[in-house]
Amino acid sequence: MRAFGRHLALGLLVVLVVSTGCRNESATVAVIPRTTATLLWEPMHLGVVEAARSRGYHIYWNAPAEDGDLEKQLSEFTSCVERRYSGIIFAPDETVASRSVVLDAVGRGLPVVIVNDQLGPPAGRLLSYVRNDEALGARLAAERVAEILHAHGSIAIIAIDSRNESGLFREEEFERVMARIAPAIQIVHRQFGDPIVTRQQQIAQEILESHKADAIVAMTAIGTRGAYYAKLASKNAASVRIVGFDQDLISPIQSGDVDSVVVEDTRTIGQIAMANLAAEAHGSSVKGVTLVPPLLMTRENMNAPEFIRLWQFSAYAWQQQ
Amino acid sequence: MSAMASKTRRILRIGGALAVAILSFVVYWHMAERSVSRNLSGTDLAREEQWNSLGGQWVADSAEVRNSSEERGAKFIAHAGEWKDFQISGDLQISEPFGEAGVILRSSGEQEGVDAYHGYFAGIRTMDSSVEIGRADFGWRPLSHVLFHAAADPQGWFHFHVVAVGCKVALQVRSPGGEVASTLIGEDDCIQSGGFGLRSSYSSAKWKNLRVSTANQADLAAVGANAMQAAGAGDLLLSEPTAQSDVQRYTASLREEAVKHQTQPGITPISSLRYFPGRHPNVTVQGNVISLPPLLDIQDNTSTIIIPDVDPKIPLKLGDFVEAHGTLVSERFRSRLEDATIRLLWSDLPTPPLAVTAAQLTAGTYRGRFIEIEGTLISIHHQTDGDELVLKDGDQIFRALGQVDLRLHAASLKPGSRLRLRGNATALDQFTNGIYPFTVITDQVTVISAPPWWSPAHILWLVLASFVLLGCVQWVIHCVQAWHVRSLLREREELAFEMHDTLAQSFTGISYQLQAATMETRGVREMQAHVQNALRMVDLSHREASRTIAALRPQNRQASDIVAALRELAERLSYGAGLIVEAHTDGKDVELPLALTDALFRIGQEAVTNAVQHAGCTIVEIRLQLSREQVTFTVQDDGKGFSLQGQTHGLGIAGMKSRAAKVNARFTVAPAASGGTCITVAAPLLHSQGLLSELRALLTTVFTRRYLH
């Protein structure tokens, strides 16, 4: 009888240890952006960690080394689902290809918050969306283009992100607003983009050499960098203005080679996404779609507090996440 | 005494466990110390199996370690165990003007991803000619950033020396121009130990003369002695410089990078080639490699072009930016570059594929592009130069060929599987054989889903298994029915014995009395006595028949009841004859199994009847001895005995033997000591017998109702 008691106590101890381990694992949230270590995504890292720490969650943060590596991103997502985190915050690299894995995770009872994409399935008990307000961003960019071109001239649109619903909506909305506020500005070139900087540079180089546009509007951070590189390498392109989307390099704005960039407030996006996920995990209802307003960064306002707060991720001690 | 021994054993066990733990710790500590005290260089670090690659394209040989990829945060982690206080020195060359590379110290938990590890990174940045130390914990925190006074030549070799002792890390770098930059960091909450490795971002890079060895405070002081003033914490927020002079240097690096990658004069956009039908020598194109030999395909920002018959041994990888010079052959809006010479310009990132369907490829829109397509595998053929797959997507059947470096586990591919292929599609006859609308030259095959279970083969197996199962069920039913028929026949036989032992015996007695009455000459009174006896026997027979019926379903199976019933029987049969009946029950009176009760009663009934009617005895002794394992039943008389020889085949003896056999009892008939006959039945007592009997009865009832009624 005494031996049985000892075995029972040992068994209970093992169960306690195992269940404690599970609870620790379940208090971790996985965050999978499109890539990491960029000015676009690291503020979101900071925002998520800030919101997670106040709620007692740990964060696992990782993504493919490069934009556009869908295969690695989906593999990372699937791996996180198998590791049974208590939820996933996910910024899909490609809308259509990501639908089934997200729906599968939600079907398994895992809360998911989609960042910066219109995945398709409606928001529900375990699925919500937090994204950059693309309509507002498109309006900011269009108004800036109209302002610097004095509502006349021609523009080329490059690096249209065809892999992502938000990217397509961004471009469509930009054209719509341009047509409304500056109908005299002609769009002389439209081109889809990819995550290869060299190719975006060569596309922009061709536009610059043909002198057919007064301004280049780059719809992604990589497109903006490609246009900037093309302008740097060109001898006679100083007058061509560049308006970009999504923060990447700051010095081109400081030097004036890039006129302005529509900056996503990814720190706030991260904070809201984490708050939503924690609420979903506890069975509370959250707002299905939350839009976070972007900001237009120019040489004049680039040191404003609303931008500086985005770059504070570099000072964070990540071992505490 | 026993408690004392138990306590001693427990103390010994705990002591033993502690000893093993201490020994393990000492061995671990000793091994750790040994690993730290090692010096690694030259051939120690020259084999690729000593490294773990996480991203990038790494090669290690005796001359150098190099990464030919521009992937950000590509890591090459050494399999060299835990290190605490140690130093790494070597020479480093970074290919791109906008790049960084260096070494990882005290690392753990490394994964693919830019900052996906825990540890320190000490490196050189060509984009602003600086050195940097920082800490990665799946997030990057710069700790020190120091600029060279003059812009360094990014193509030259930097010599670096990094030392980690305690919670301090010092880095000293000598530029190709001879300028030295050094920095030192200290952390309170530092990483104390870990592995080491190499890392690069935005650029391919090479390391040579690598040396790794233990370090002490003197080493740290030597390297960190001239540490320069690092940038302030505010300036570390961004990886870009903010001071105007530094911005200019940074921009100059970017310009150099941009100029290197811009389209050069004399390069023809690929999309324009299809508008020049015929053969045109001396055409030069540039683009990224999207498909490797045998069907080299390059893509610029306008289109793609195929370059056939390229030597598969040319060291190319996906993403490489190449220049191809050769003869353009353009026909029917299909272009290719023949007799081309290939020149590698720089490495770049692989182009992500476009997801297309077979119908789209058949229409030609995406042919020649780097694509991703899904299909259901129809067949696979192994060839000496790769594997050939035939797939179907929708109504389209197409072919896929594995490239020379395709690591395809053909055994895991089964017809019916859904596959995803990445590669380049072509309609050239040499690849389609004129049969398929297009052929995908693939460098990667992924199994999305296994074949569905309802394949024809599986359905056939299912049907066969169903038949076998049905046959088994039929066979079991047949066995049960046969068993039941045998049970019925046994019951009939038992009834035959029963009739002999009861009714037939009774009729014999009645006949005997009536015969005596007819032969009675002593007077009417004696004759009436015989008739009265016969009537009494009829009455007894009737009651006995009732008891027999009741015995078939007995409600009282106590052992003593058998003895009492047999005593009553003997007294009734011998009524008026003065027979002495002795009945004994020895041992604990228990309830016996139904079959045993019935067998003992019937055997006793036969024995008593024989004794009364045939033996001419004066005393009949009935005895039941009960023990835990056995019951022994004896009927003994002092009569004249009988010849066994004459009765062996008689129904009485045979019946008794048969009844005894049914309950696995030993039956013996022997002369008694008093001269009469002694019948003994010794039966084993099985504790589970009752339960089995009841189970058997239950099964009999169920099967009888289910299958026979």
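**Chat about the model**

Author: Helices and strands here are DSSP runs numbered from the N terminus, helices being H or I with at least four residues and strands E with at least two. One caution: this is a predicted model, where local features need pLDDT of at least 70 and side-chain atom pairs count only at pLDDT 80 or more, while totals for chains, interfaces and linings use all residues. Residues are numbered from 1 along each chain as its sequence is written, chains are lettered from A and ligands numbered from 1 in the order in which they are written, and side-chain values use heavy atoms, leaving out hydrogens and water.

Reader: Fine. Is P121(A) buried or exposed?

Author: P121(A) counts as buried because its relative accessible area is 13%. The cut-offs are under 20% for buried and over 50% for exposed, with partly exposed in between, using a 1.4 Å probe and protein chains only.

Reader: And what does P121(A) touch?

Author: Leaving aside residues up to four places away in sequence, P121(A) touches R99(A), L103(A), L127(A) and Y129(A). A contact means heavy atoms within 4.5 Å. L103(A) is 18 residues from P121(A) along the chain, and their C-alpha atoms are separated by 8.1 Å.

Reader: Which residues does V289(A) touch?

Author: Y129(A) and R131(A), again not counting residues up to four places away in sequence. V289(A) belongs to strand 11 (residues 289–292) of chain A. V289(A) counts as partly exposed, because its relative accessibility is 34%. V289(A) and Q118(A) are 171 residues apart in sequence, yet 9.4 Å apart in space from C-alpha to C-alpha.

Reader: Where are A151(A) and A159(A)?

Author: A151(A) lies in the loop between helix 5 (134–148) and strand 6 (153–160) of chain A, while A159(A) is in strand 6 of chain A. A151(A) is partly exposed, at 25% relative accessibility, whereas A159(A) is buried at 2%.

Reader: OK, helices now. How do helix 3 and helix 4 of chain A pack?

Author: Two packed helices are described by the angle between their axes and the distance between the axes. Helix 3 (residues 70–82) and helix 4 (residues 95–107) of chain A pack at about 5 degrees, with axes 10 Å apart. That angle is why helix 3 of chain A is called roughly parallel to helix 4 of chain A. Under 35 degrees is roughly parallel, over 145 roughly antiparallel, 65 to 115 roughly perpendicular, and the rest oblique. Axes are lines fitted to C-alpha atoms, for helices over the stretch in contact, and angles run from 0 to 180 degrees between N-to-C directions.

Reader: Which residues meet there?

Author: L70(A), L74(A), F77(A), T78(A) and V81(A) of helix 3 of chain A meet A97(A), S98(A), V101(A), V102(A) and A105(A) of helix 4 of chain A. By class, this contact of helix 3 with helix 4 of chain A has eight nonpolar, two polar and no charged residues. Ala, Val, Leu, Ile, Met, Phe, Trp, Tyr, Cys and Pro count as nonpolar, Asp, Glu, Lys and Arg as charged, and the others, Gly among them, as polar.

Reader: What about helix 6 and helix 9 of chain B?

Author: Helix 6 (residues 456–519) and helix 9 (residues 594–615) of chain B pack at an angle of about 40 degrees, with axes 10 Å apart. So helix 6 of chain B is oblique to helix 9 of chain B. Their contact has no nonpolar, six polar and four charged residues.

Reader: Last one: what are the overall counts for the chains?

Author: Chain A has eleven helices and twelve strands, and 60% of its 321 residues count as buried. Chain B has twelve helices and 31 strands, with 46% of its 709 residues buried.
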